[in-house]
2 protein chains.
Amino acid sequence: MHTASIESLIETFESLPGIGRKSAERIAFHILEHMTPEETRSMTDKILETKSKICLCESCQNLTDSSPCKICSSLKRDRTTICVVESPKDVSAIENTNEYNGLYHVLHGALSPMDGVSPDDLKINELLLRLTDGTVKEIIMATNPTVSGTATAVYISKLLAPFDVSVTRIAHGIPIGSDLEYADKITLIKAIEGRQEMK
Amino acid sequence: MHTASIESLIETFESLPGIGRKSAERIAFHILEHMTPEETRSMTDKILETKSKICLCESCQNLTDSSPCKICSSLKRDRTTICVVESPKDVSAIENTNEYNGLYHVLHGALSPMDGVSPDDLKINELLLRLTDGTVKEIIMATNPTVSGTATAVYISKLLAPFDVSVTRIAHGIPIGSDLEYADKITLIKAIEGRQEMK
């Protein structure tokens, strides 16, 4: 039983992803009890400022504050390879490995007819446009190993057939450091199917 | 490796209580990828509007949008009993039981010399002021059963000695529906100490 306006603030936070009722209450009361009006204003300013500054890179469709983004405009990146991912978070995850030096393409989702996500909702045409000048030689499909991520990879690989590029899929298998015993059945099947010769 | 402005937005969310790095990233990307500028503006407006509207009740010090608050100004509440709690969330928790019909007093914290919280930082004087007209007969100390909550209850109960009020402490013991076997030692000791005659 909160005052209506507090309840409404709690519901605002509850609508954010990964925030349940308890967390939303905790955040709302933190702002109301412990933050000064100035701190609150500076937080909302930061949200609005970032939201207005960030746009999509005209090339890879990743979130950026200048288009083309740093990766697309870098002279040090290998322009012959594009790694296709579902979301900007995936780009960050791969960049954090410091191992991949090609370009990216962010689809902003995965095909999911149940949720009303059709090919037109994804940045697929933008990907095809990047292949017209013949620079790109390999497309790595790094969508998630879920039903929708796999469907998206298969769908795009068929669209890519007319182009002179090789299309690869990231490997699925037992995560490093984990135990065979705890792997689920499908991962184990994929790991056996994807076995490679030891050198 | 995020763009500096995205990183800064993530850190803003990470500074909220209960929000870790992953949740902060998820919220930031949700706003940047999936919310429209209008939705973002309406969220920040809601935060600022609620922050400016909510104040402390002049009597019980709970968060409210009108002072005195609904509970303090209700004619149906028992004005002879005040339940003292640490935070507004505790008021909500007790109100949700629909069992307590007295008034509240929110301290906004608990004594904790290690964290620099002294009696002056709590709404203790405001509590004493409420006792001057002699209406209040019982003070229920419902601060948390932690070191600082208990210290606060003891400290206040000593301050209340000169007043003609009885001071009680909420019971501590085994939670209903839980199992003796899983109770921690201190709770078990409190449960045995606080045993009551069966009627």
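In this predicted model, strand β4 of chain B (residues 103-106) has B:L103 and B:H105 pointing one way and B:Y104 and B:V106 the other way, and all are buried, where buried means under 20% relative accessible area, exposed over 50% and partly exposed in between, with a 1.4 Å probe and protein chains only. Strands (E, at least two residues) and helices (H or I, at least four residues) are DSSP runs, numbered from the N terminus.

Strand β3 of chain B runs parallel to β4(B), joined by four bridges; two strands pair if DSSP finds at least two bridges between them. In this pairing, B:I82 stands opposite B:L103. The elements of the right-handed β-α-β unit in chain B are tabulated below.

| Element | Residues |
|---|---|
| β3(B) | 81-85 |
| α5(B) | 88-95 |
| β4(B) | 103-106 |

A crossover is right-handed if, with the strands pointing away from the viewer, the path from the first strand over the helix to the second runs clockwise.

In chain A, helix α1 (residues 4-14) has several buried residues, including A:I6, A:L9 and A:F13. Their cover includes α2 of chain A as well as α3 and β2 of chain B.

Residues are numbered from 1 along each chain as its sequence is written, and chains are lettered from A and ligands numbered from 1 in the order in which they are written. Local features need pLDDT of at least 70, side-chain atom pairs count only at pLDDT 80 or more, and totals for chains, interfaces and linings use all residues, while side-chain values use heavy atoms, leaving out hydrogens and water.

Terms used:
Contact means heavy atoms within 4.5 Å.
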